[in-house]
Amino acid sequence: MSSWLKGGIMALGAACVLLLAGAFPLLGAPEVYRSGAMLLLGVITIILCLAGGWRLAVGSRGQLIFGLVFLFFTVTGLCMLGQYGAKALEYARIGGPMWAGAVGMACVALTGVVFMAVFGFLCYRVMNQRILWLAGLHWAVALLGIGAFVDAACEIRVPVTLPADARTELTELVLDDGRTLPLEFRLRVDDFVVQHYDDATYSLYTFENGRPGPMQPVERRGDTLHLGNESWPLSALKNAPGMPHPFLMIPGQPMRVLVQNPATVRDYCARIVAFTDHRGRPETHKAELRVNSPFACKDWRFTLSSYRREGPHTEVLMQARRAPGRFAALCGMVGIIICTAVWCWWRKEETQP
């Protein structure tokens, strides 16, 4: 085992120990990820990976460089096929005048197929040695580390609260130190939709001396609510301003109220609109922001965190993030996956006795 390999294994082992220390469920400290020791180990690992890839590709370094470039354009074609193909299907489902947009998106998706075919073939012909994929794996790890370092130094995360009133627009962000960071676009939440499971329960409250007494659970049978010998149609429950859930006032003495308890939330999304420009031409982008579906605009990504009710209004809680190293990190992740798979499944070269 060479000294380079020994040093690399030691650095990776130490990094794994620090990662485990930060993620340990009982005594973990996430601050470990940004500690000086972690940053130093990251620098050492990046240097060792770059040097290791360079040494592994001795005699074929030009092939390695061109092969990785061809691999990048092959993956770009795959992304074009997925993104524009999905848009073509979306526009086709709308129909009408959107068929022209569907045809245009389909043409761009076919361009992605051409990219995959041409650059995939070139990558296969250039990266014709198993050792080159192992060298590419080393450089992909280094690229991932470089992207993580750029994010650690330049990333900005800002919590954002925006009412879903179709009027209030977000034009700047307030940082932790009180400084304001202007955006190059305007963001607005037009509507907020919450979907529930059909598992709502119902309760009956009896008012005594102006105060609600003990709660009595009410059984639901189809479209009717039952409590003892009494029953009420489910459609009798109505909404009213200031009441978050449907209810029914039952006449008589003492006064009673039948209330629908909140059902389990199944899904929620914010319908947002971004007003921006492209090459001096104004553009409007509409999207549905969900928990696992962020919205990106002008190097910013908005992630839906939660929501809260403030009287009749809904406030949407989001996180705005600008990560300049994200693209490099994603390229590194994809490179690690592809290079590892090809290196493992590539037919081993037969050695001469």
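Reader: Which residues does Arg326 touch, not counting residues up to four places away in sequence?
Author: Arg326 touches Asp151, Arg301 and Arg321, where contact means heavy atoms within 4.5 Å. Please note that this is a predicted model, in which local features need pLDDT of at least 70 and side-chain atom pairs count only at pLDDT 80 or more, while totals for chains, interfaces and linings use all residues. Residues are numbered from 1 along each chain as its sequence is written, and side-chain values use heavy atoms, with hydrogens and water left out.

Reader: Where does Arg326 lie?
Author: Arg326 lies in helix α6, which covers residues 326-345. Helices (H or I, at least four residues) and strands (E, at least two) are DSSP runs, numbered from the N terminus.

Reader: Why does Arg326 count as partly exposed?
Author: Arg326 counts as partly exposed because its relative accessibility is 29%. Buried means under 20% relative accessible area, exposed over 50%, and partly exposed in between, with a 1.4 Å probe and protein chains only.

Reader: What separates the C-alpha atoms of Arg326 and Glu155?
Author: They are separated by 9.3 Å, although Arg326 and Glu155 are 171 residues apart along the chain.

Reader: Which domains does the assignment give?
Author: Domain 1 comprises 3-155 + 326-350, domain 2 comprises 157-195 + 265-322, and domain 3 comprises 200-260. Such bounds come from an automatic or database domain assignment.

Reader: How many residues of domain 1 are in contact with domain 2?
Author: Four residues of domain 1 are in contact with four residues of domain 2. The centres of domain 1 and domain 2, taken over C-alpha atoms, are 30 Å apart.

Reader: How many helices and strands does the chain have?
Author: The chain has six helices and 14 strands. The chain is more spread out than a compact globule, because its radius of gyration is 29 Å, well over the 20 Å that the globule rule gives for 353 residues. The radius is taken over C-alpha atoms, and the rule is 2.2 Å times the number of residues to the power 0.38. Along its principal axes, the C-alpha trace spans about 100 × 60 × 50 Å.

Reader: What share of the residues counts as buried?
Author: Of the 353 residues, 33% count as buried.

Reader: A change of topic, please. What is the phi of Ala166, and where is Ala166 found?
Author: Ala166 has a positive phi of about 60 degrees although it is not a glycine. Ala166 is found in the loop between β1 (156-163) and β2 (169-174). In general, most residues other than glycine have a negative phi. With 32% relative accessibility, Ala166 counts as partly exposed.

Reader: And what is the phi of Lys298?
Author: Phi of Lys298 is near 55 degrees, a positive value in a residue other than glycine. Lys298 lies in the loop between β12 (295-297) and β13 (300-310), and its relative accessibility of 32% makes it partly exposed.

Reader: Which helix holds Leu12?
Author: Leu12 is found in helix α1, residues 3-23. At 45% relative accessibility, Leu12 counts as partly exposed.

Reader: Lastly, where does Met243 lie?
Author: Met243 lies in the loop between β7 (230-233) and β8 (247-250). The C-alpha atoms of Met243 and Val259 are separated by 10.0 Å.
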